[in-house]
Amino acid sequence: MNKLSNLFTATTIFALIIFISCGGKDDPGTTEPDPVAERLALLLNGGTEWSVAAGAVKQDGVAATEWDGFGLKFTGSGSSGSYTATGRPAASEVPNVDVVWPASGTWSFGDGATAGEKDISKIVRSDGVTMAASVTSTKLSLTFTIEDTGAGRMQGVAGTWVFEFPN
């Protein structure tokens, strides 16, 4: 009887050790957050438009106040979507306003170093402009360069643009 009791105790202890060591890191209930999905959620801003503050748009480091009141609303899923711009300056203020920001278009996150991977620090507009993008729940910052190609279409808008959107 004593041997049977010892065998039962040893089996119980062994079973407890196995059950205790199960779970943890391999638990299918816990998953790594998806950085693309997290960045998308921040960019979409809960369906609310991002609006610049007065003097928050700069061209080559100089405030471009004609852009005060400018706003962007992003929509999308996965790693791309569309945008709508509001409050753009009139063509009489910025003759090439569409080169800086078209009234609407599509966007996607940039391509990463590995095939199929996305670089969430870059946004590419449908007109080919690649922007460095930084976004939190309280701020969106977009920086891009319009190259001076010598074409009249770039007159007055060539340079590095920074758009700061506080939320």
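**Exercise 1. Is W107 buried or exposed, and what is its relative accessible area?**

Solution. The model is a predicted one, in which local features need pLDDT of at least 70 and side-chain atom pairs count only at pLDDT 80 or more, while totals for chains, interfaces and linings use all residues. Residues are numbered from 1 along each chain as its sequence is written, and side-chain values use heavy atoms, with hydrogens and water left out. Buried means under 20% relative accessible area, exposed over 50%, and partly exposed in between, with a 1.4 Å probe and protein chains only. W107 has a relative accessible area of 2%, so W107 is buried; F109, at 1% relative accessibility, counts as buried as well.

**Exercise 2. Classify the aromatic pair of W101 and F163, and place its rings in the chain.**

Solution. Rings of Phe, Tyr and Trp (its six-membered ring) pair if their centres lie within 6.5 Å, and planes under 30 degrees apart count as stacked, over 60 as edge-to-face and the rest as tilted. The structure holds 14 aromatic pairs. In the pair of W101 and F163 the centres are 6.1 Å apart and the planes stand at 85°, so the pair is edge-to-face. W101 lies in the loop between α3 (97-100) and β6, whereas F163 belongs to strand β10 (residues 159-166), and the two are 62 residues apart. Both W101 and F163 are buried.

**Exercise 3. Find the ring faces over which R125 lies.**

Solution. A charge sits over a ring if NZ of Lys or CZ of Arg is within 6 Å of the ring centre and within 35 degrees of the ring normal. R125 lies over the face of W101, at 4.4 Å from the ring centre, and also over that of F144, at 5.2 Å from the ring centre. W101 and F144 are among the members of one aromatic cluster, which also includes W161 and F165.

Definitions and conventions: Helix = DSSP H or I, 4+ residues; strand = E, 2+ residues; numbered from the N terminus.
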